[in-house]
Amino acid sequence: MHQHLKIFNTLTQLSNDPEMFNSYRLDFYRVRDGDFQSCRSRALNFDPEATVQLILWAQKNIGQREVLAWVPFFQRLDLKDSVLQEFYLKGYIANHLGEILRNRKFKKSELYILANHPVLKDWILHSFVDYGSLKPTGYYGKLVYEINPENIEEETFKKSLILTQYYLEGNVGMMKKWSEALSRYPLDKNYFPIINGRVWAARFMDQLLKTGAIRNDLISDWWRYLKNEPLSCVMPNSMEPLPILVRFGEDTEQIEEILNYIGYAIHVAVVNNPLVASVDNAMYLASQTAYNKRIKDFKKAHEFQNELNKNLCLPSYSKYVFSLANAF
């Protein structure tokens with residue numbers, strides 16, 4: 001977690017002291033390929049200064065007027081979704097583009113390109129969900145409706161985000177419609193874990209809206225599924241279903257057992273990849289906070305809340321994460 005805090009502090013200093021930019025290179029066009037790849041390799045080994053440099057280059061890149069002009073930089077950076085360590089670095093860098101993207105006025109044609117271009121959609125759409133602008137009038141919400149799915153995995157991704165929009169709006173009628181439809185979608189071991197997690201979340205929500213609770217048998221099904229996943233994939237599988245479970249699951253002892261297991265998986269993941277702390281650990285801490293408030297263990301809830309406050313969740317997730325922690 002130390003690396004995440006150091007990156008955060010460095011970026012904060014940069015925003016307050018423009019002179020600090022002199023120690024970083026902003027013109028990525030003139031950087032020799034060997035130097036560029038060295039910076040990339042150091043960032044993948046959790047070097048904070050190298051990560052900050054990549055963030056600054058990426059921010060400079062999306063400052064270009066034409067969105068298609070962004071492609072060569074992202075191709076050069078070449079971080080793959082299929083390699084978990086590269087996926088987390090990609091998401092970490094992309095999250096620091098959120099403010100620029102939220103403040104830009106995109107044409108509809110540009111949104112279509114961002115949602116469907118094979119390189120741009122991986123960076124701007126798939127690498128992180130900008131909960132802060134997921135509403136239909138926000139840039140990310142508009143992106144969702146421009147997606148033209150090429151396969152069932154992308155279709156699941158799109159429909160799950162539409163469901164999340166209605167969930168955040170509290171539109172129960174549309175939540176019923178979309179959760180019932182998405183709950184029937186298949187799981188696939190070849191999907192990125194978050195996609196399967198979104199299907200489980202829809203199953204939880206569908207049952208909750210139909211019966212008023214999430215029954216033990218469905219939770220047990222998910223629990224068995226989760227224990228068969230690699231530890232590094234436990235929290236990506238839990239990002240979407242866990243917040244629903246801690247609020248509405250019937251068996252609190254079972255929920256506590258699951259939370260303890262996820263906590264162990266998070267600890268292992270953070271040791272192996274400190275960038276996991278920036279979102280996954282924040283979601284876990286928020287879920288623990290909400291759960292302990294639910295069972296009225298306010299001492300523990302306060303301890304988890306304090307840890308969450310120190311965690312410095314990335315801006316795109318911050319409002320969503322803290323609203324979850326304060327659900328009770």
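Q: In which helix does Ser179 lie?
A: A word on the model first: it is predicted, so local features need pLDDT of at least 70, side-chain atom pairs count only at pLDDT 80 or more, and totals for chains, interfaces and linings use all residues. Residues are numbered from 1 along each chain as its sequence is written, and side-chain values use heavy atoms, leaving out hydrogens and water. Helices (H or I, at least four residues) and strands (E, at least two) are DSSP runs numbered from the N terminus. Ser179 belongs to the run of residues 172-183, which is helix 11.

Q: Is Ser179 buried or exposed?
A: Buried means under 20% relative accessible area, exposed means over 50%, and partly exposed lies in between (1.4 Å probe, protein chains only). Ser179 has a relative accessible area of 0%, so Ser179 is buried.

Q: Which backbone oxygen does the side chain of Ser179 reach?
A: Contact here means heavy atoms within 4.5 Å. Not counting residues up to four places away in sequence, Ser179 touches Leu163, Ala202, Met205, Asp206 and Leu209. At 2.7 Å, its side chain reaches the backbone oxygen of Met175.

Q: How many residues of helix 12 are buried?
A: Helix 12 has 19 residues and reaches 27 Å from its first C-alpha to its last, close to the 27 Å expected at 1.5 Å a residue. That expected span is 1.5 Å times one less than the number of residues. Gly212, whose phi is positive, near 90°, follows the helix. Helix 12 is mostly covered, and its buried residues number 14 of 19.

Q: What arc holds the buried residues of helix 13?
A: In helix 13, the buried residues are Leu218, Ile219, Trp222, Trp223, Tyr225 and Leu226. They line one face of the helix, because, seen down its axis, they fall within an arc of 160°. The arc is that of the directions from the helix axis to the C-beta atoms. To come back to the value, it is 160°.

Q: Which helices do the buried residues of helix 13 pack against?
A: Helix 13 covers residues 216-227, and its end C-alpha atoms are 16 Å apart, which agrees with the 16 Å that its twelve residues should span. Its buried residues pack against helix 12 (193-211), helix 14 (234-238), helix 15 (241-248) and helix 16 (252-272).

Q: How far apart in space are Phe304 and Arg25, C-alpha to C-alpha?
A: Phe304 lies in helix 18 (residues 298-311) and counts as buried at 14% relative accessibility. Leaving out residues up to four places away in sequence, Phe304 touches Tyr284, Leu285, Gln288, Thr289 and Asn292. Phe304 and Arg25 are 279 residues apart in sequence, and their C-alpha atoms are separated by 39 Å.

Q: What is the relative accessibility of Glu86?
A: Glu86 is found in helix 5 (residues 84-95). Beyond neighbours within four places in sequence, Glu86 is in contact with Arg40, Leu44, Asp78, Leu79 and Lys80. Glu86 counts as buried because its relative accessibility is 12%.

Q: What radius of gyration does the protein chain have?
A: The protein chain holds 19 helices and zero strands, and buried residues make up 53% of its 328 residues. The radius of gyration is taken over C-alpha atoms, and the globule rule is 2.2 Å times the number of residues to the power 0.38. A compact globule with 328 residues would come near 20 Å, which agrees with the chain's value of 20 Å.

Methods: A polar contact is a pair of N or O atoms within 3.5 Å; within protein, one must be able to donate a hydrogen and the other to accept it, and residues adjacent in sequence count only if both atoms are side-chain atoms.
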